[in-house]
Amino acid sequence: MLRSIFNYLNIKVEDNQEIKKLIYDTFGKKDGATAYKIAKCESGLNPKRVHSDEIEHSVGLFQVHVAKAHGQGAWVHWDKIPGDNLEEKTEWLKVPENNILIAKFIKGSRGNWGAWYTCSKKAKV
């Protein structure tokens, strides 16, 4: 059943191990476990996940919040992400390595997991 869900979502089970390795390699041993739990909570480890509604436009493993209101509102992490428009930035953030690096930058600049408030609470950070 679980494998069929992953197949439906176009996610290979082995990809999750690769994603886990990328997260641990980027965040290090100390923060790796927490980062993995947050990515799992935010996107189900689906690097292509996009959540766009009247409140936000968030992309990728860590659901990096790019802009508000379907990309038409205030830019949140806009200047930190390569690309000239919302479509280019969205595609860049769908690449796991890119999304993980931006997430590490956001976590480092804040000094905590507050950008992922709900999932960090679930991960008991």
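User: Buried means under 20% relative accessible area, and exposed means over 50%. Which of the two words, buried or exposed, applies to Phe27 and Phe62?

Analyst: In this predicted model, Phe27 is buried, and Phe62 is buried as well. For the chain as a whole, 42% of its 125 residues count as buried.

User: What makes the ring pair of Phe27 and Phe62 a tilted one?

Analyst: The two ring centres lie 5.8 Å apart and the planes meet at 40 degrees. Centres within 6.5 Å make a pair, while planes under 30 degrees apart would be stacked and those over 60 edge-to-face, so an angle between these limits is called tilted. The pair brings together distant parts of the chain, with Phe27 in helix 2 and Phe62 in the loop between strand 2 (57-59) and strand 3, 35 residues apart.

User: Why is the pair of Trp113 and Trp116 called tilted?

Analyst: Their ring centres are 5.9 Å apart and their planes stand at 55 degrees, so this pair is tilted. Both Trp113 and Trp116 are buried. The structure holds four aromatic pairs, and ring pairs link Phe27, Phe62, Trp113 and Trp116 into a cluster.

User: What do Phe27 and Phe62 have to do with the largest nonpolar core?

Analyst: That core has 26 residues, and Phe27 and Phe62 are, together with Ile23 and Val66, the members that touch the most others. Helix 2 (13-43), strand 3 (64-67), helix 3 (86-93) and helix 4 (96-110) each supply at least two residues of the core, and the largest share, eight residues, comes from helix 2. Leaving aside residues up to four places away in sequence, Phe62 touches Ile23, Phe27, Ala35, Ile38, Ala39, Glu42, Asn99, Ile100, Ala103 and Trp116. In soluble globular proteins, nonpolar side chains tend to be buried together.

User: How do you know that Cys41 and Cys119 form a disulfide?

Analyst: The sulfur atoms of Cys41 and Cys119 are 2.1 Å apart, and a disulfide is a pair of cysteine sulfur atoms within 2.5 Å, so the pair qualifies. A search of the whole structure finds one disulfide. The link joins Cys41 in helix 2 to Cys119 in helix 5, 78 residues apart, and with -70 degrees about the S-S bond it is left-handed.

User: Why do Cys41 and Cys119 fall into the accessibility classes they do?

Analyst: Cys119 has 6% relative accessibility and therefore counts as buried, because the limit for that class is under 20%. Cys41 has 30% and counts as partly exposed, because that class lies between 20% and 50%.

User: Why does Lys122 count as exposed?

Analyst: Its relative accessibility is 60%, and exposed means over 50%, so Lys122 belongs to that class. Lys122 is found in helix 5 (residues 117-122), and its C-alpha atom is separated by 8.1 Å from that of Cys41, although Lys122 and Cys41 are 81 residues apart along the chain.

User: What is the order of the elements from the N terminus on, and how many helices and strands are there?

Analyst: The elements run α-α-β-β-β-α-α-α, with five helices and three strands in the chain.

User: What does pLDDT say about residues 1-8 and about the chain on average?

Analyst: Over residues 1-8 pLDDT stays under 50, and the model has five contacts beyond four places in sequence for this stretch. The chain averages a pLDDT of 86, with 84% of the residues scoring at least 70.

Terms used. Residues are numbered from 1 along each chain as its sequence is written. This is a predicted model: local features need pLDDT of at least 70, side-chain atom pairs count only at pLDDT 80 or more; totals for chains, interfaces and linings use all residues. Side-chain values use heavy atoms; hydrogens and water are left out. A nonpolar core is a set of buried Ala, Val, Leu, Ile, Met, Phe, Trp, Tyr and Cys residues joined through side-chain atoms within 4.5 Å. Buried means under 20% relative accessible area, exposed over 50%, partly exposed in between (1.4 Å probe, protein chains only). Helices (H or I, at least four residues) and strands (E, at least two) are DSSP runs, numbered from the N terminus. Contact means heavy atoms within 4.5 Å. pLDDT is the predictor's confidence in each residue, from 0 to 100. Rings of Phe, Tyr and Trp (its six-membered ring) pair if their centres lie within 6.5 Å; planes under 30 degrees apart count as stacked, over 60 as edge-to-face and the rest as tilted.
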